[in-house]
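Try each task before you read its solution.

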Amino acid sequence: MKDDVSLWAIALLFGSLSLVAVGGANVVVPEMHRQAVDIGNWMSDTEFANLYAIVRAAPGPNMLIATMIGWKAAGLPGAVVATVAMCGPSCLLTYGVTRVWQRYQHTRWRAAVEAGLAPVTVGLVLASAYVLTRAADADWRAVAVTAVTAVVALGTRLNALWVLATAGVLGAAGLL
Amino acid sequence: MSGTVVERDLRETAPTPPLVSLGMLFGAFLRITLSGFGGTLPWAHRILVDERRWLSPREFVDALSLCQFLPGPNVVNLSIVVGQRFRGVAGALAAFSGLVGAPFLIVLGLGVIYSRYGHAPVIDRALAGVSASAAGLVWAMGLKMAQHFQRVPRAVIVTLLGFFAVGVMQWPILPVILVLTPLSVAAAWVRR
C-alpha cells in the first residue's frame, strides 16, 4: 500500500493543514490521524501512536510528525514533501506578516494589539503545560518529576538537559 | 495609567539590535532544536532571551504571540520571525534550517530503527520520564512569561481565562482565541 500514496496527496494534505494549524502543529494532529489512518490507510493506529511518541520525545519540533507520516506513506521523498508542505505555506505567511508588522512599529494600535495578545499567548502556553502534565503523568511520581523540573528551571541556572536526562534514566529504571 | 509594566518594557527594548550573523542564527536554532527533547519552545526562550539576549522577555512574548496567532508550527514560525528580524530572507532560511534540518534526519533514523526492531518497553519508560520532565519546562516558561503581568490585572485575568479554557476545559484553541483576543485587545486599548 506504501507506493500507492502520491506525493501530490501528501503535499495537498500537509499544505492545507499548514494553513489551518492556528496554535501550533499539535492542533492538527487529530486531523493527520484521520487522514493517514482512517481515510488513507497509510498505517495502522498503533503505528501512528508509536511514530507520534517518537517525535514527541526526540529532539526537535513536534511538527516532524508530518515528516514521519510522509516517510511512512511514500519513503524519503514523502518525508521531504510532507516537511516542506507542512512548513512552507505558514512560513511564507509568517514572513510576509512580519514584514508588514514591522512597518507599524511605534504605532499606538500595534502597542495595544501586542499588549492584548501577550496574555492570551501566555495563557495558551500555560494551558499546554497543563495538557502535557495530564498526558505525561500517570501517578504522583511523574507529577513530582514535572514539579521538580519546573522549580529547577525557575530557580536555578542548572542546564535543564541534566534534569531531562535524569528523568529519562529514572523512567528507564522503572522508578516512575 | 501610563506606566504599566508592559509599556515600560516596550520602551526599554528600543535601542541597538545585537549583531547576529547567519551562522549564529543557524547555530542558535540548532542548539534549540537539539536540546528540545519533549518540546522546543522552552529552549527557544532560554537561549534567545536568557543566554544570547537577542530578544528581551517582552519581545519574545510579542514574537511568540505573532507565531501563535498565525497558522503553522509555532517554533518554526519563530525561526522565521527571528531570522527575518536580524538578517531578512537569508536569516529566516538559516534559522529554519538550523531548527528543522538535524531533527529531520534524527526522526527518520529513529523511524527506521523502530520499524526494523519494533519498540522496547525500556525506551517507552524512558520517554515517559522525559515527557513528564519536559512538561515542567513548559510550566517554567509560562510562569516566567506571566511574571510580567504582575501589576496588570487585565492581563492576569486574560491569562487565567486562556489557561482555563484551553487547558482545564480542553476547549479547541481557535474559538477561544477568536473570543478572547478581541476582548483582551479592547481592554488594552481602553486602559491606555
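**Exercise 1. Find the helix that holds B:Ala132, and decide whether this residue is buried or exposed.**

Solution. The model is predicted, so treat every value as computed from that prediction.
- Step 1: B:Ala132 sits in helix H6 of chain B.
- Step 2: Count its C-beta neighbours inside 10 Å. There are 31.
- Step 3: Apply the cut-off. A residue is buried at 20 or more such neighbours. B:Ala132 therefore counts as buried.
- Step 4: Compare sequence with space. B:Ala132 and B:Leu70 are 62 residues apart in sequence, and their C-alpha atoms are 28 Å apart.

**Exercise 2. Describe the overall make-up of chain B.**

Solution. 
- Step 1: Count the elements. Chain B has eight helices and zero strands. Read from the N terminus, the order is α-α-α-α-α-α-α-α.
- Step 2: Box the chain. Along the principal axes, its C-alpha atoms fill roughly 60 × 45 × 25 Å.
- Step 3: Check burial. Of the 192 residues in chain B, 51% are buried.
- Step 4: Look at contacts with a separation of 6 or more. In chain B, 58% of these join residues 24 or more positions apart.

**Exercise 3. Work out what H5(B) does between its two ends.**

Solution. 
- Step 1: Take the length. H5(B) has 44 residues.
- Step 2: Find the straight-helix span. At 1.5 Å a residue, a straight helix would reach 64 Å.
- Step 3: Compare. The end C-alpha atoms of H5(B) are only 33 Å apart, short of that value.
- Step 4: Look for a bend. H5(B) has a kink of about 145°, centred on B:Arg87.
- Step 5: Look just past the helix. There, B:Gly118 has a positive phi of about 70°.

**Exercise 4. Find where chain B touches chain A, and say which element of chain B gives the most residues.**

Solution. 
- Step 1: Count both sides. The contact involves 86 residues of chain B and 81 residues of chain A.
- Step 2: List the contributors. Among the elements of chain B that give two or more residues are helix H1 (5-12), helix H2 (22-35) and helix H8 (173-190).
- Step 3: Pick the top one. H6(B) gives the most to this side, with 23 residues.
- Step 4: Sort by type. This side of chain B has 59 nonpolar, 23 polar and four charged residues.

**Exercise 5. Describe chain A, then see how confident the prediction is.**

Solution. 
- Step 1: Count the elements. Chain A has seven helices and zero strands.
- Step 2: Box the chain. Its C-alpha atoms fill roughly 55 × 50 × 25 Å along the principal axes.
- Step 3: Check burial. Buried residues are 51% of the 176 in chain A.
- Step 4: Read the confidence. The average pLDDT of chain A is 91, and 97% of the residues score at least 70.
- Step 5: In chain A, helix H3 (residues 45-57) is lowest, with a mean of 86, and helix H4 (residues 64-103) is highest, at 96.

**Exercise 6. Show where the buried residues of H6(A) lie around its axis.**

Solution. 
- Step 1: Check the helix. H6(A) covers residues 140-155, which is 16 residues. It reaches 22 Å from its first C-alpha to its last, close to the 22 Å expected.
- Step 2: List the buried residues. They are A:Ala142, A:Val145, A:Thr146, A:Thr149, A:Ala150, A:Val152 and A:Ala153.
- Step 3: Reason from the arc. They cover only 165° around the axis, so they lie on the same side of H6(A).
- Step 4: The face away from the buried side carries the exposed residues A:Trp140 and A:Gly155.
- Step 5: Find the cover. What covers the buried residues of H6(A) includes helix H5 (108-136) and helix H7 (160-172) of chain A, together with H6 of chain B.

Note on methods. Residues are numbered from 1 along each chain as its sequence is written. Chains are lettered from A and ligands numbered from 1 in the order in which they are written. This is a predicted model: local features need pLDDT of at least 70, side-chain atom pairs count only at pLDDT 80 or more; totals for chains, interfaces and linings use all residues. Helices (H or I, at least four residues) and strands (E, at least two) are DSSP runs, numbered from the N terminus. A residue is buried if 20 or more other C-beta atoms lie within 10 Å of its own, exposed if 12 or fewer, and partly exposed in between; C-beta atoms are placed from the backbone. Two residues are in contact if their C-beta atoms, placed from the backbone, lie within 7 Å. Ala, Val, Leu, Ile, Met, Phe, Trp, Tyr, Cys and Pro count as nonpolar, Asp, Glu, Lys and Arg as charged, and the others, Gly among them, as polar. The expected span of a helix is 1.5 Å times one less than its number of residues. The arc is that of the directions from the helix axis to the C-beta atoms. pLDDT is the predictor's confidence in each residue, from 0 to 100. The bend at a residue is the angle between axes fitted to the seven residues ending there and the seven starting there.
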